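Hi,

Here is the structure I said I would pass on.

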Amino acid sequence: FLMGCVIFLGYWFHTKDQLLALDDVERKEEELKTVFEKKARLAVNLEAYEKQLDEMRESFGAMLRQLPNKTEVADLLVDVSQTGLASGLEFELFKPQAEVPREFYAELPISIKVTGDYHEFGDFVSGVAALPRIVTLHNVSISRRDAKTGNLVMDLTAKTYRYLEDDERDGGKE
């Protein structure tokens, strides 16, 4: 009986706490293994991620080069209007509006109203898409002008974008 009491008391005061500590350490070990496996999967793909990041930077740089600076905006407006004229459209309205500043670029909306036929509209949209600078077309609506001639009227907003220089971005935030 005395031997049983000694073993029980030894277990109770010495071994029980060590077993609880062992359970905690084993649980922590499993958590650390999970974290390690996640990080190991990321580390294996690190080279691919870095390559993808470099490609994204190149692509971003190429897109930035497509944004006109202040001096190129006038030429771009001429290009858009020339594209419409070359497509055979008649301009009723070509009105550049005020710049809308964004985080690192500014939107330059242009209200356009042209008259022509459906195929001329298609040529115009294709020509604008082929411009070397980024121009997007928004709020496009086409309506019939004259049922006899088949002429249509297209109202749209063309937006081009201009990269804001560092001093313009900092000046706008103050």
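**What I found**

Asp24 is found in helix α1. Before I go on, bear in mind that this is a predicted model. With a relative accessibility of 45%, Asp24 counts as partly exposed, and its side chain makes a polar contact of 3.1 Å with that of Arg27.

α1 covers residues 2–44, 43 residues in total, and spans 60 Å from first C-alpha to last, close to the expected 63 Å. Even so, there is a kink of about 45° in α1, centred on Thr15.

Now the rings. The count comes to 3 aromatic pairs. One of them is Phe8 with Trp12: the centres are 6.1 Å apart and the planes sit at 25°, so this pair is stacked. Phe8 and Trp12 are 4 residues apart in α1, which means about one helical turn separates them. Phe8 is partly exposed at 49%, and Trp12 is partly exposed too, at 41%. Another pair, Phe91 and Phe94, is edge-to-face, with 5.7 Å centre to centre and 80° between the planes. Phe91 has 25% relative accessibility and Phe94 has 26%, so Phe91 counts as partly exposed and so does Phe94.

Which residue has a positive phi although it is not a glycine? That is Asn139, with a phi of about 50°. Asn139 lies in strand β4, residues 135–144, and counts as exposed at 64% relative accessibility.

Cheers

Methods. Residues are numbered from 1 along each chain as its sequence is written. This is a predicted model: local features need pLDDT of at least 70, side-chain atom pairs count only at pLDDT 80 or more; totals for chains, interfaces and linings use all residues. Side-chain values use heavy atoms; hydrogens and water are left out. Helices (H or I, at least four residues) and strands (E, at least two) are DSSP runs, numbered from the N terminus. The expected span of a helix is 1.5 Å times one less than its number of residues. The bend at a residue is the angle between axes fitted to the seven residues ending there and the seven starting there. Buried means under 20% relative accessible area, exposed over 50%, partly exposed in between (1.4 Å probe, protein chains only). A polar contact is a pair of N or O atoms within 3.5 Å; within protein, one must be able to donate a hydrogen and the other to accept it, and residues adjacent in sequence count only if both atoms are side-chain atoms. Rings of Phe, Tyr and Trp (its six-membered ring) pair if their centres lie within 6.5 Å; planes under 30 degrees apart count as stacked, over 60 as edge-to-face and the rest as tilted.
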